[in-house]
Protein chains: 2
Amino acid sequence: MKFESQPSYSLGQRTPASREVAAGENGGNVTLVSQSALGAINRGRVLQALYDNGPKSRADLARLAGVNRTTITGIVQPMIEDQLLVEGDASPSDVKGGKPARPLYFNPDAPMLGAVLLLPGTIQTCLVALTGEIKAVAKAEFDTHGDTEAFIAVMTETLTATLSQAQQAPFGIGVASAGMIDSDNGTILTVNLAPVLTGLPLVAILQERFSLPVVIDHHPRALLVGDRWFGPGRGQQNFAAVYTGEVLGGAFFIDGKVYRGLAGSGGELGHSVVQIDGALCNCGKHGCWETVAALPWLRKEAARLSFPHPKSVTCARLVKEADEGSKAAEELLDRYTRNVAFGIVNLQQTLSLNSYVLHGDVAGGGLKAAELIRQHVEQLVVKRPGQEISITVNGIGEGHTALRGAAGLVLSSHLKLVI
Amino acid sequence: MKFESQPSYSLGQRTPASREVAAGENGGNVTLVSQSALGAINRGRVLQALYDNGPKSRADLARLAGVNRTTITGIVQPMIEDQLLVEGDASPSDVKGGKPARPLYFNPDAPMLGAVLLLPGTIQTCLVALTGEIKAVAKAEFDTHGDTEAFIAVMTETLTATLSQAQQAPFGIGVASAGMIDSDNGTILTVNLAPVLTGLPLVAILQERFSLPVVIDHHPRALLVGDRWFGPGRGQQNFAAVYTGEVLGGAFFIDGKVYRGLAGSGGELGHSVVQIDGALCNCGKHGCWETVAALPWLRKEAARLSFPHPKSVTCARLVKEADEGSKAAEELLDRYTRNVAFGIVNLQQTLSLNSYVLHGDVAGGGLKAAELIRQHVEQLVVKRPGQEISITVNGIGEGHTALRGAAGLVLSSHLKLVI
DNA sequence: AGCAGTTAGTTTGTACCTCGCACAAACTTA
DNA sequence: TAAGTTTGTGCGAGGTACAAACTAACTGCT
């Protein structure tokens, strides 16, 4: 039998994506799953189940994952011997009768994770235990327009101060950075407010200095991971993290995986258009979401409406003043949250993740801001029957979530939940 | 007695609800990969590689997937014995020397796939061979405001006429439908222009009448699958299909998987907001993308600009008139494509898929429309270094892509590329 | 106290999958 | 005709998950 040659459909120029190359050293786009990979995958999933559900016995895990108890034993036994997991005291089972279960959880004395939060002008570093506790926090400032070598020196010094407090070598270092990040190649592409960082191959630098695995990703994605591992996103399979403040950004957790576009792109929500030919944005375009839902807009409106101290207006302040009876604050808060809602609406129409965790300025507005945004979203979205949209704010301090997220990045890459 | 005679890679004889069952069997959110699942996954990936790359020898497939040749032999041998695949004539290898390779491909005489395209007022059915050929097309009309029983009768009759022409029972039936679809439960939620379909559990109905696996999804997602299996999306890992016409819609192929939100939601791009407090939309909200980039807008603008026969204006007509020298057509075409571009820009800012396949009205505008849209998108998007955005139109007739996509839905759901 | 019943965790054997090695088959080149 | 090369196929090794059977530990009933 002869086969006719397949029609080639390469109409558009198919740019060879670095990611496809990474997916296989082979030219093709298929990758079969090998036997050993399967083991790694399942080990990772068991660990993730432990994270998501807290201490659990082998039998519980087996039920949770729908697998045989012996499988779980086989997976966790080496980890216990490796002192990554520890067996807790036998807790009386809630059902009557039977041998009491021995809950398993992460060893508090297991190696920790190094975490770095890099924002324009400041470096924060810490150690994060596998249980989520934050230790050995250090902080430093750097000249945003200064010398690269000087920055690297400050970074190294701060990180060393933190890492030296660990009793054992950490599993790795996770970096969360503002700006545009190429997470595939581990470089900072641009940070608007800190030109010194432009083009910096930070992963390579840190890897060399500390001889540890290093992972970098942009700030919203670290928030997402922080939410997923230790925050409101724990155990969820689909949700988005949305950051509002001087700029707007987002990141998505889709079908149990962190979404990363090519070279770690995606989630640049601030420059999606919500007002064709609207106000001029920093980016040079018009009508970006950022022109109506970020802090600069809020300050401008506050000034226009003759608020006192318009430069220092925040969502938290508006909520407070509204609660104290200020009609003007109430109205501005309503408009602000409505504008924020539009970005979430567009996300909802696109991906239907149904669950959104807010960070940054609007998170400062607490439950009230979240509820206002939820109401606006509900009004503005085309709802499907039975669909419920949840908007939450992450109550923990901003830096903490980002740092934990940075640590979580290492964890994720270490656990190889790629598949 | 055991019923294990079915080969485990079988395309047929699997309930389309397997996804629900798999997800709902255990209360938890973790699922480990079992040994047999691994086999199924790899079998599916080999088949997908065959689809993506055309006839290939075992050795080629092994290289493509980066696995051992023996692994491929083990996978394809049962399929050849089952007459799903056939071995082609030994083709002289392009390299010099060596035993000539025997290319493998889908057996043209293997069971086919039933496909249904359901648009307001019309039913199209056909058989699709595994090689993509369309056969036994049938068409019928139905009363959009009529009786449910009458619709089911027409549907059954049309589908029977098509399916009866198959020599063997097809692997299953794929349905692509306009409107809002719950693909998990196999029901049509609403179709604005065909109230008779509201709430119809079509999958259950067809499953009962034809005793075959049935899958349903909404129209844009079928276009996406059609693009992926047989069109410009072939072999790609990330792209979006965008439909424009009376309404707007989209669907996404992300990391080698069709994106489906809960209950098959997602991709309702038409009602994302591009103009806060803009024109009133059919959905009751304001400033939806649909109010500026769908055909009703184009007709209204044509009328406002005193075009002749404004009711019949389309992208294809604008391109033709612009090519003939009409400045007015050129200008309107430019504004139309710019408005279409905004939706793609927002998608790009959100997911960075970098590749977009256009369908529907703008696809009628051919390469010129695609190029105009690409230029607008390039201007309106915040580009990352090295990022290239590709916009293509699917040149094949609209119905054909949707029908092939509907068939591809069956294929996808039974190849279990879930992981 | 003693026994049945229940649940947790382990031991043992089995089935399945991929891989590396060796080998036959088939073709090209010198 | 011999050497070299590539394809495709047995066969055993190594790794993984599963099922059955077993021990351990606890509850409840007699």
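A residue is taken as buried when its relative accessible area is under 20%, as exposed when it is over 50%, and as partly exposed in between (1.4 Å probe, protein chains only). At 0% relative accessibility, A:C315 is therefore buried. B:C126, likewise with a relative accessible area of 0%, is buried. A search over all chains of the whole structure returns zero disulfides, a disulfide being a pair of cysteine sulfur atoms within 2.5 Å.

The model is a predicted one, in which local features need pLDDT of at least 70 and side-chain atom pairs count only at pLDDT 80 or more, while totals for chains, interfaces and linings use all residues. Residues are numbered from 1 along each chain as its sequence is written, chains are lettered from A and ligands numbered from 1 in the order in which they are written, and side-chain values use heavy atoms, with hydrogens and water left out.

Chain A contains 14 helices and 14 strands, assigned as DSSP runs (H or I, at least four residues, for helices; E, at least two, for strands) numbered from the N terminus. Of its 419 residues, 56% are buried. The C-alpha atoms of chain A occupy a box of roughly 70 × 65 × 55 Å along the principal axes.

Among contacts in chain A with a separation of 6 or more, 61% join residues 24 or more positions apart, where contact means heavy atoms within 4.5 Å.
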